[in-house]
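Subject: Handing over the structure

Hi,

Have a look at it first, then read on.

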Amino acid sequence: MTLSTDSEAAAEVAASEDVPVTGRGRRGWILLIAALLVGALLGLGLGLVIPRLSTPGDDSVEAGFLRDMSTHHAQAVEMSMIVHQNSDDPEIVYLASDIALTQHGQIGYMQAWLRDWDLSPTSSQPPMAWMPDSAGSVVNGLMPGMATPEQLAALRKATGKDLNVQYLTLMRQHHLGGIHMAQEAVRLSHNKDVKWLAGTMVTSQQGEITVIDNLLKKLQGTQ
């Protein structure tokens, strides 16, 4: 590939000018052409390097958050689909559908960004490694707010009011854990897209907790 620079134009101008080329003049043109070549090469190098430097790395806060929150969201979608299929309460069916659709869509954003950054959707790092002082946040391999295998099994078997109460209770705890993770991502990340997505998670899940609390009061006969 031929690299075209302004040095060619400079050489043509020098050749076309009816000016005697002295030793000093010749040295000046050589220095000018050299400077133009160096500038062009530096520009090409920076153009290749800068985009890579701006992309989050494999051990970045951004990559860790997107991977962990994708896993966290996947469980919320699973619980919501169980209730969407089995609940007889229209309000809870609607809430479960909204949570499943919203969090499934957010998983799509997160996985797409990881692909764009040429990063694996999974990591060799333990969960929550991206968050400083996260010791104790992961219990039995579960991130904050996540339901245990036993709780998921009980939810699948539950029916009627018991199913609805279990789901709302588990989802409330799930949202509290997710909000904590998203707030930390907002605080720690330097990527505007990740900060935006994490911020929307905080806002939407805080609003859903209010809905959950009202539904629990209604089910328990206190409203």
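A word on contacts before anything else: two residues are in contact when they have heavy atoms within 4.5 Å. Leaving aside its neighbours within four places in sequence, Glu 78 is in contact with Leu 152 and Arg 156.

Some housekeeping. This is a predicted model, in which local features need pLDDT of at least 70 and side-chain atom pairs count only at pLDDT 80 or more, while totals for chains, interfaces and linings use all residues. Residues are numbered from 1 along each chain as its sequence is written, and side-chain values use heavy atoms, with hydrogens and water left out.

Back to Glu 78, which is found in helix α3. Helices here are DSSP runs (H or I, at least four residues), numbered from the N terminus. With a relative accessible area of 33%, Glu 78 is partly exposed; on this scale buried means under 20%, exposed over 50%, and partly exposed in between, using a 1.4 Å probe and protein chains only. Glu 78 and Ala 96 are 18 residues apart in sequence, and their C-alpha atoms are 9.9 Å apart in space.

The buried residues of α4 include Ile 92, Val 93, Leu 95, Ala 96, Ile 99 and Ala 100. Among what covers the buried residues of α4 are α3 (61–86), α6 (160–188) and α7.

Leaving aside its neighbours within four places in sequence, Gln 103 is in contact with His 73, Ala 76, Val 77, His 175 and Gln 205.

Now the aromatic side chains. Rings of Phe, Tyr and Trp (its six-membered ring) pair if their centres lie within 6.5 Å; planes under 30 degrees apart count as stacked, over 60 as edge-to-face and the rest as tilted. By this rule the count comes to three aromatic pairs. One of them is Tyr 109 with Trp 113, a tilted pair at 5.8 Å centre to centre and 45° between the planes. Both residues lie in α4, four residues apart, about one turn of the helix. Tyr 109 is partly exposed at 41% relative accessibility, whereas Trp 113 is buried at 13%. Tyr 109 also pairs with Trp 196: their ring centres are 5.7 Å apart and their planes are at 80°, so this pair is edge-to-face. That pair links distant parts of the chain, with Tyr 109 in α4 and Trp 196 in α7, 87 residues apart. Trp 196 is partly exposed, at 44% relative accessibility. Tyr 109, Trp 113 and Trp 196 form one aromatic cluster.

On a 1 Å grid over the protein atoms alone, a cavity is a set of points where a 1.4 Å probe fits but cannot get out; a pocket is an open set with protein on both sides within 12 Å along at least five of seven lines; and lining residues have an atom within 4 Å of a point. Grid points are joined across faces, edges and corners, and a volume is the space filled by probe spheres set on the points.

How many cavities of 30 Å³ or more does the structure hold? It holds one, and about 40 Å³ of space lies in the largest cavity. Its lining is made up of His 73, Ile 99, Thr 102, Gln 103, Gln 106, Ser 204, Gln 205 and Glu 208. The largest share of that lining, four residues, comes from α4.

The largest pocket has a volume of about 300 Å³. Of the 18 residues that line it, the closest to its centre are Arg 67, Asp 68, Ser 123, Gln 125 and Pro 126.

Cheers

Notes: Helix = DSSP H or I, 4+ residues; strand = E, 2+ residues; numbered from the N terminus.
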